[in-house]
Amino acid sequence: MDFFGEQARAQKKTRWLVFGFVLVVIILTVAIYLAVTLIFGMTGGGTQAIIQPENRQPGFFHGAFWDASRFFTTLFVVGGVIGLASLYKIREISRMGGALIAIELGGRPVLRETRDALELQLVNVIDEMSIAAGIPAPKAFVLDEEAGLNAFAAGMTTNNSVIAVTRGLLDHLDRDQLQGVIGHEISHIVNGDTRLNLRIIGVLHGIFFLTTCGRFMTKARGRNSGGAIPLGVLLMIIGSVGLFFGKLIQASISRAREYLADASAVQFTRNPDGLARALRQLMVSGSQIQHPRSEAASHLFFGASGRRVFSLFPLFATHPPLEERIVRVDKNFKGTLSKRQPAIKPRATAPDAKLSGMALPDAKLAGVSFMNGIGAFGSAQLAAAQTLLAGIPEPLAEAAHLPDDAQAIVYALLLSRDAKVQKQQLEDLRHSHFPEQVAETLRHAQWLAQQGAQYRLPLLDLALPALRELSPEAQSRFLQSVDTLIWADGRLSIAEFTVRRILKSVLEPDSKIRPPLRMERLKPDITHILALLAYAGNADQAAAAAAFHHAAALAPIDGPWEFPDKKAVRPNVVDAALEHLAHTAPHFRKNLLAACVAVTEHDGKITVAEFELLRALAQSLDCPAPLTLMDERTHGENRHVR
């Protein structure tokens, strides 16, 4: 799968969404213009006639039919109301991420320390598939009141996405079926579909807001309410017409992406039977969602969630027919299933306390193309993730699910090998943490020292969801402790920067809606990113400069380029640069990452620390970089970047 190509196609569909939105606004403006003209007359009174109908001049069609001033005033008001309502919803979603949608639909967050066997299985499947895909594990939600078999993914970025499943799906699917469904949802996150889908929700919210305004006006009382009531009724009718067109946009964009997500899930799991059986189970048991707000989010779901008139017409169907989806996955499937056919019985599921592993022979960092790995999740990546996770002791894997123990795991990743520096780090921890947490930190650090660097990022990935469960105040204290450990020796190593960057991107995601920056404004940002990698991979100033200029020739912006001094490559400068660059177009980020790989490979090798740094930068740019098994011989010197 071409990650950047799929991102570009999703972005193209976003432009079609904007075009459709503008078209709907114009249609609604014309309808409201005609309504105002017919109710209040084409001239006299103007807006005053709405407030004081007795001032309206007599004559239903008195004056000119076309009034440019009145039309453009209507366009400004209608477009402004719909646009502001849509932007408000999109801004709200950007701030809270996919959790907002899950909560609005009655979702309950699944705590990482859950002891429920089915919920633990859900968490573990999400963990292993997220690590394989190279994204932070989305937060899990369960829609407890929904008996229909369904699921959805939502989020503006990979860092604030969630995966929600219904209670019916959790109770009826076995692990293989669940893995097929989660693979489908993970692919929506990786391909950029979730961002597009949430923008559709924002657009529908703005269009439906007209109906809300109409309802408010129909409740008007008093001497001056005579004109507001009929106008309110018309706004409700016109808002329903707008919703009609909005549903067309919603359905047309959604259908094609479902086929891609199914294909990606099969490619990911190499188990088409699991996904096919899950889809057949939906045919038998149904996938309806009962929540009253589910209609606006119907395009998010794994299966068709609607039960209303919209679902009866192909043009309004947000999902392809289940029969067609099954045939594409299982060529042996023929015909339809009878509703009276007994439901497929779920396999007995034991508590999934430890992830199973598959051997991946001779998977080494050497020979793995980083660029080909971006977004290219498949069975090899899943097997690699399962192998790595299977190598983590069960108590340590369970500790990663607990917020307090997850903090200790991160602290262990940051403990220095220098005895003097480590002593200072532990002393700092004892001032602000319980002795048990400090002891846990030392225990985890000892295991990491024995196992090697290849387990660093898998452990960090496992700990991230539990760290998200901390309160904002606890997260702030945790990040302060992280900074204290990092700067204990007054320097910032590649490994320390990597951990810090991943934590910041997940716990402090940039939720601002930023306008596109000019190319010349992005040039300093690219300079600092390439310089960071050059200094990280080369101790010699001349070698670092050579690597920088070699990579700059591949950058998405033309030169000339000036290699900055090492002191100018500060962490806060790099953070700001990544926030700017994360909002660029997919092809721009593709060329930027190609330049990043070029500067890293300039000396003929990529160390584990450099690979981790590349992955952290890719994640900050919202480009999933899957893990791979790494040979310890690639673990070179952990140089300092500050």
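Two strands are taken to pair if DSSP finds at least two bridges between them. In this predicted model, β1 and β2 meet that criterion, with two bridges in the antiparallel sense. Pro 109 stands opposite Phe 141 of β2. On the β4 side, the bridge partner of Phe 141 is Ala 164.

β2 (residues 139–143) and β4 (residues 162–166) run parallel and are joined by five bridges. Lys 139 stands opposite Val 162 of β4. β2 is mostly covered, with four of its five residues buried.

These pairings belong to an open sheet of four strands. The strand order is β1-β2-β4-β3, and the pairing is mixed. β1 (108–109) and β3 (151–154) stand at the edges. Each has a single partner strand, so one side of each is left without a neighbour in the sheet. Helix α5 packs on this sheet and touches β1, β2 and β4. The direction of α5 makes about 145° with that of β2.

The setting of the sheet is a protein with 25 helices and four strands. The protein has 642 residues, of which 57% count as buried. Contacts between residues at least 6 apart in sequence were also examined; 79% of them join residues at least 24 apart.

α5 (residues 117–133) packs with α7 (residues 175–190) at an angle of about 45°. The axes of α5 and α7 lie 10 Å apart. On the α5 side, the contact is made by Gln 121, Leu 122, Asn 124, Val 125, Ile 126, Glu 128, Met 129, Ser 130 and Ala 133. These residues meet Arg 175, Leu 178, Gln 179, Ile 182, Gly 183, Ile 186 and Val 190 in α7. By class, the contact of α5 with α7 has nine nonpolar, five polar and two charged residues.

A further contact joins α5 to α13 (residues 379–390). The axes of α5 and α13 come within 8 Å and cross at roughly 120°. That angle makes α5 oblique to α13. α5 passes α13 in a right-handed crossing. From α5, the contributing residues are Glu 128, Met 129, Ile 131 and Ala 132. From α13, they are Gln 381, Leu 382, Ala 385, Gln 386 and Leu 389. This contact of α5 with α13 comprises six nonpolar, two polar and one charged residues. Glu 128 and Met 129 of α5 take part in the contact with α7 and also in that with α13.

Elsewhere in the chain, His 444 lies in helix α17 (residues 435–451). Its relative accessibility is 9%, so His 444 counts as buried; the cut-off for that class is under 20%. Neighbours within four places in sequence were left aside in listing the contacts of His 444. The remaining partners of His 444 are Leu 396, Asp 405, Ala 408, Ile 409 and Ala 412.

Note on methods
Residues are numbered from 1 along each chain as its sequence is written. This is a predicted model: local features need pLDDT of at least 70, side-chain atom pairs count only at pLDDT 80 or more; totals for chains, interfaces and linings use all residues. Side-chain values use heavy atoms; hydrogens and water are left out. Axes are lines fitted to C-alpha atoms, for helices over the stretch in contact, and angles run from 0 to 180 degrees between N-to-C directions. Contact means heavy atoms within 4.5 Å. Ala, Val, Leu, Ile, Met, Phe, Trp, Tyr, Cys and Pro count as nonpolar, Asp, Glu, Lys and Arg as charged, and the others, Gly among them, as polar. Buried means under 20% relative accessible area, exposed over 50%, partly exposed in between (1.4 Å probe, protein chains only). Angles under 35 degrees count as roughly parallel, over 145 as roughly antiparallel, 65 to 115 as roughly perpendicular and the rest as oblique. A crossing is left-handed if the near helix is turned anticlockwise from the far one by less than a right angle, and right-handed if clockwise.
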